[in-house]
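Please open the structure in your viewer and keep the selection tool at hand.

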Amino acid sequence: MKNVVWFKRDLRLSDHAPLREAISNGRPTILLFVIEPELINSEHYSNRHWKFMLESIAEMQQKLLPHNAEISVLQGEIRSILQMLYEEHGAFQLFSHLEIGIHTTFVRDKAVRDWIIKQGLSWVEYPQNAITRGRRNRNGWNKDWERFMNSPVVHVPISALNFQKTSNKLVNSFKPSLAISEEDDSMQRGGRSNGEKLLRTFLSKRYTYYSKNISKPLMSRSYCSRLSPYLAWGVLSIREVTQSTALRMRELPRNRNLQNFMSRLHWHCHFIQKFESECDMEFKNQNPAYNIIRTTINDHYLEAWTTGQTGIPLIDACMRCVNTTGYLNFRMRAMLVSFWTHNLQQPWQQAADHLSKQFLDFEPGIHFPQIQMQAGTVGYHTLRIYNPIKQAEDHDPDALFIKKWVPELAKLPAIFAREPWKMTPIECMMEDFHLGQHYPEAICDVEASGKFATETIHRIKKSSESKKFAEQIRQIHVN
Ligand SMILES: Cc1cc2nc3c(=O)[nH]c(=O)nc-3n(C[C@H](O)[C@H](O)[C@H](O)COP(=O)(O)OP(=O)(O)OC[C@H]3O[C@@H](n4cnc5c(N)ncnc54)[C@H](O)[C@@H]3O)c2cc1C
């Protein structure tokens, strides 16, 4: 009997229970990562994700080299690959982390389970992110979270690994097509050393300016932790980050910045648990009372929104920025979704598809619940419609972020870069700037569309149908 350790969204060699178990039983162990066609073709994955994953795996390979071991990076449908390994090596036990993923990976995991049972093999899955499968409500969840985060990081004695080579008949031939030079150099690179460096610099210094800058589109890039892609692809475990933070909090008790950061590490798992308990939210409104709104897609809006050509400067700057760099802070993400769903009255599903491809840190368990929350389709949260003009005034007053990403507005005074429609004909002439020619006219009236959306959502929210569903949702997700 051999072991197969299947790496998925857990691209690390430490705090890795499946790897630890495979090493402990002493059997020959195959290390496997699979590039699956269903995921290459998924509407939620993009080249930048694969590039990040492969960079992270490359660093793992470096760590494995002195132990004469390597991860087989194979391309193909997972069951064909397992079948191939079975034919080459005979019976094996499969080890992996439990994946709380999109519908595609859920269906894939069920098919793998069926295949394993058919062959008379076994598959052991370990939780990560303090998530329980099949949980019906949140009773006791906070305690479980604390227990998981306080439990020791799993020690992986890699030097004791009994490595089993495979013939790698299905060697990876997939190359993410996005060349590095095509991207802004601020796109984060995979690899644990990069994640560890961010954690170190954040906890030693950058945290000092965290809360002050968390909502600013420009400064958040330096003063938020920027750990999200490393957590999303499991390059660092949430337990490792939580424990390092807790240690720092012991040195600096009552530090608000660290407390705020720790809350977000908790939210990380809270949202993934939410998605686990109600994975339909990848497709459907969580609260069906909202099914009556946003039923059609306007292609012109979709093109303008996804390419950053709406004529609303902060919206366009954010979209162009995330399309190029893969990152935006929380508030700007929320604002993009708010604009799409509330101001343009479009279905959130299109926003979810586009943004999941752009966010380097795409984490289904955070992504879908957040999108629905911002779209106002849950029914019990306070409705937040982010006015992009006010957001620019508050968080980019000098329009530095806008000017960086919307160079058409770069030479205008800040007030006009934020609101170019306020320029008089004489000012336009003096600046040689013509709305509609140098930059699109605003796609909608932000004030009027925001007011309409507020009234619409509040009307539905007050309905007995919405209240009934909202109560059911609360029973599942609220502690
Ligand atoms: C519409 C929308 C979609 C989002 N999609 C994702 C996604 O796919 N993947 C993702 O990791 N985050 C997502 N977020 C949450 C949040 O915006 C990012 O986690 C955060 O901006 C990442 O930057 P950071 O690592 O510097 O965060 P920090 O502020 O340094 O926070 C540390 C970590 O806490 C977690 N975290 C922070 N904020 C939140 C939050 N509001 N909810 C849950 N966890 C949080 C993340 O893991 C983050 O890395 C989304 C938010 C919105 C509004």
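A residue is called buried if 20 or more other C-beta atoms lie within 10 Å of its own, exposed if 12 or fewer do, and partly exposed in between, with C-beta atoms placed from the backbone. The model is a predicted one, in which local features need pLDDT of at least 70, side-chain atom pairs count only at pLDDT 80 or more, and totals for chains, interfaces and linings use all residues. Residues are numbered from 1 along each chain as its sequence is written.

**First stop: two loop residues**

Select arginine 294, in the loop between α12 and α13. Helices (H or I, at least four residues) and strands (E, at least two) are DSSP runs, numbered from the N terminus. Arginine 294 counts as buried because 22 other C-beta atoms lie within 10 Å. Its phi is near 50 degrees, a positive value in a residue other than glycine. Most residues other than glycine have a negative phi.

Next, select alanine 130, in the loop between β5 and α6 (141–150). Alanine 130 also has a positive phi, near 55 degrees. Is alanine 130 buried or exposed? It is buried, since it has 23 C-beta neighbours inside 10 Å.

**Second stop: the domains**

Colour the protein chain by its domain assignment: domain 1 (2–126), domain 2 (129–155 + 191–277) and domain 3 (282–477). These bounds come from an automatic or database domain assignment. The C-alpha centres of domain 1 and domain 3 are 37 Å apart. Ten residues from domain 1 and nine residues from domain 3 make the contact, where two residues are in contact if their C-beta atoms, placed from the backbone, lie within 7 Å. On the side of domain 1 that touches domain 3, α3 gives the largest share, three residues.

Select the five strands of the open sheet, which run in the order β3-β2-β1-β4-β5 with parallel pairing. Two strands pair if DSSP finds at least two bridges between them. β3 (71–75) and β5 (122–126) stand at the edges with a single partner strand each, so one side of each has no neighbour in the sheet. From one strand to the next, the twist averages 25 degrees.

Strand β2 (residues 29–35) pairs with β3 over five bridges; isoleucine 35 has glutamine 75 in β3 as its bridge partner.

**Last stop: two helices**

Select serine 277 in helix α12. Serine 277 touches Arg135, Ile476 and His477, residues up to four places away in sequence not being counted. Finally, select helix α16 (residues 348–358), where eight of the eleven residues are buried. The buried residues of α16 include Trp348 and Leu355, and the buried residues pack against α13 (299–307), α14 (313–325), α15 and α17.

Key. Axes are lines fitted to C-alpha atoms, for helices over the stretch in contact, and angles run from 0 to 180 degrees between N-to-C directions.
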